[in-house]
Amino acid sequence: MKASEIKTISIPIKALILGLYVAGGSVLAQTLPLTRNLIPFNSVAGEQLLIESKARQDYWPLSMQFVTQNNQAYCGVASSVMVLNALSIPAPEAPQYAPFHMFTQENFFNNEQTKKVVSPDVVSRKGMTLNQLGQLLESYSVKAKVYHSADSSIEEFRQLAVDNLKEPGNFILVNYLRKAIGQEKGGHISPIAAYNQQTDRFLILDVSRYKYPPVWVTATDLWQAMATLDSDSGKTRGFVLVNRGK
Ligand code: CA
């Protein structure tokens with residue numbers, strides 16, 4: 001085929017591809033709309049914030065382990081599984097992948113120590129509190145330091161989070177009220193993966209991937225959403241720092 005012929009057919013093909021993209025965009029957009037205070041990761045601006053981030057060490061290991069929560073109350077389990085796998089903690093056998101070992105949301109509660117903290121049935125119905133998240137993680141070979149927002153501050157949170165996001169071998173999970181950042185609607189847990197200095201925004205790798213994409217949220221908005229009362233625990237929400245070494 002001559003170059004001139006390629007040129008003549010390339011325009012309709014481009015139009016077709018663009019048409020499919022536009023149609024697919026409307027048909028496949030199954031997640032809920034975002035309010036303007038949130039920048040979706042799957043946007044030009046969202047990509048740029050990661051490219052310009054100076055605190056994104058945790059993004060790669062977490063993105064390699066990014067999972068969707070198995071049920072609508074399993075955000076804490078999905079987040080924990082991501083972090084344990086990203087830390088390469090010795091894992092139980094995953095029956096569906098035998099003989100390979102990996103943390104999954106199915107085998108997370110197979111450990112007797114884990115079940116003692118709270119049962120998978122209860123978590124499936126009610127989710128978990130911030131303290132339970134820390135205790136569940138510590139039923140494996142990690143240290144989990146829990147910070148309730150009432151005992152901390154936005155300055156301390158920002159400093160600890162940014163330091164953590166720059167370091168390999170440790171991670172940070174946040175427990176926040178979705179409604180306070182403009183999402184539907186209750187308490188939620190997910191890992192954060194990066195920080196952008198210019199905009200003072202954190203990237204949440206939201207484990208309810210059927211509902212929202214990862215978003216960049218300002219430190220102020222995220223802090224306000226963590227500084228809310230969890231009626232199940234009677235305590236404020238907050239964050240957990242997780243690292244190897246127990
Ligand atoms: Ca880290």
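How much space lies in the largest pocket? The legends below take up this point and others, for a predicted model in which local features need pLDDT of at least 70 and side-chain atom pairs count only at pLDDT 80 or more, while totals for chains, interfaces and linings use all residues. Residues are numbered from 1 along each chain as its sequence is written, and side-chain values use heavy atoms, with hydrogens and water left out.

**View 1. The largest pocket holds about 490 Å³ of space.** Its lining consists of 28 residues, of which K126, G127, M128, G187 and H188 lie nearest the centre. Two or more lining residues come from each of helix 4, helix 6 (120–126), strand 4 (187–196) and strand 7 (229–230). A pocket is an open set of points on a 1 Å grid over the protein atoms alone, where a 1.4 Å probe fits, with protein on both sides within 12 Å along at least five of seven lines, and lining residues have an atom within 4 Å of a point. The volume is the space filled by probe spheres set on the points, which are joined across faces, edges and corners. Helices (H or I, at least four residues) and strands (E, at least two) are DSSP runs, numbered from the N terminus.

**View 2. The calcium ion has protein donors from D58, N164, E167 and N170.** These donors lie 2.2 to 2.6 Å from the ion, and they follow the spacing D-x105-N-x2-E-x2-N along the chain. D58, in the loop between helix 2 (44–51) and helix 3 (59–64), and N170, in strand 3 (residues 170–177), are 112 residues apart. Donors are N, O and S atoms within 2.8 Å of the metal (3.2 Å for Na, K and Ca), and sites may look incomplete because water is not among the atoms. D58 is buried at 0% relative accessibility, and N170 is buried at 11%, where buried means under 20% relative accessible area, exposed over 50%, and partly exposed in between (1.4 Å probe, protein chains only).

**View 3. A salt bridge joins the side chains of D206 and R178.** The N to O distance is 2.9 Å, and a salt bridge is defined as a side-chain nitrogen of Lys or Arg within 4 Å of a carboxyl oxygen of Asp or Glu. D206 lies in the loop between strand 5 and strand 6 (215–218) and R178 in the loop between strand 3 and strand 4, so the pair ties together parts that are 28 residues apart in sequence. D206 is buried, with a relative accessible area of 1%, and R178 is buried at 2%.
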